[in-house]
Structure formats: C-alpha cells, structure tokens
Amino acid sequence: MNFEKLLHLCQAGSDFRKQLMTDGGVMFRFSIYMRHCPSAENAQVHIKRVKSFLPPLGQVGILTVTDK
C-alpha cells in the first residue's frame, strides 16, 4: 500500500470519528462510541445517519439496547 492511499484511509477514519462526535456520539472506549436515543424511531434516524457518512472501506457494528 502506498503512502498516499494509507494517508487517505487515515483521514477518512478521522473524518468519520469527527462526524460521530458532531452527531452526539461519546467515546466509550477506544474505537467504541455510544449515543443515547430517547426512542427507537430516533435511534433509526441516527443509525441511517452513521451509515451515510461511513467511509467506503469502513465497517461499523451497531448495537441497540432498549429498556424492555
């Protein structure tokens, strides 16, 4: 992998983390972010938003926890 491609991938990851924080995400652990959503409908909005700014080569796992 050449240096320019590696630099581009690092920048894409950095931009993704910044967007998570802008959307209200809080770093829970290294590379683990969490966000409180008051309803399932609100959670779906944020899930779609996170997927929309995911870098092309990025992967994300989303866990939804409810009180029921």
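**Salt bridge and pockets: a quick chat**

Student: How many salt bridges does a search of the whole structure find?

Tutor: One salt bridge turns up in the whole structure, counting a side-chain nitrogen of Lys or Arg within 4 Å of a carboxyl oxygen of Asp or Glu. This is a predicted model, where local features need pLDDT of at least 70, side-chain atom pairs count only at pLDDT 80 or more, and totals for chains, interfaces and linings use all residues. Residues are numbered from 1 along each chain as its sequence is written, and side-chain values use heavy atoms, with hydrogens and water left out.

Student: Which side chains meet in it?

Tutor: Those of Asp23 and Arg49, at 2.5 Å, N to O. Asp23 sits in the loop between α1 and β1 (26–29) and Arg49 in helix α2, so the pair ties together parts 26 residues apart in sequence. (Helices are DSSP runs of H or I, at least four residues; strands are runs of E, at least two; both are numbered from the N terminus.)

Student: Is Asp23 buried or exposed?

Tutor: Buried, with a relative accessible area of 13%. Arg49 is partly exposed at 36%. Buried means under 20%, exposed over 50%, partly exposed in between, with a 1.4 Å probe and protein chains only.

Student: New topic: how much space lies in the largest pocket?

Tutor: About 1,000 Å³, a volume being the space filled by probe spheres set on the grid points, joined across faces, edges and corners. A pocket is an open set of points on a 1 Å grid where a 1.4 Å probe fits, with protein on both sides within 12 Å along at least five of seven lines; lining residues have an atom within 4 Å of a point.

Student: Which element gives the most to its lining?

Tutor: α2, with five residues.
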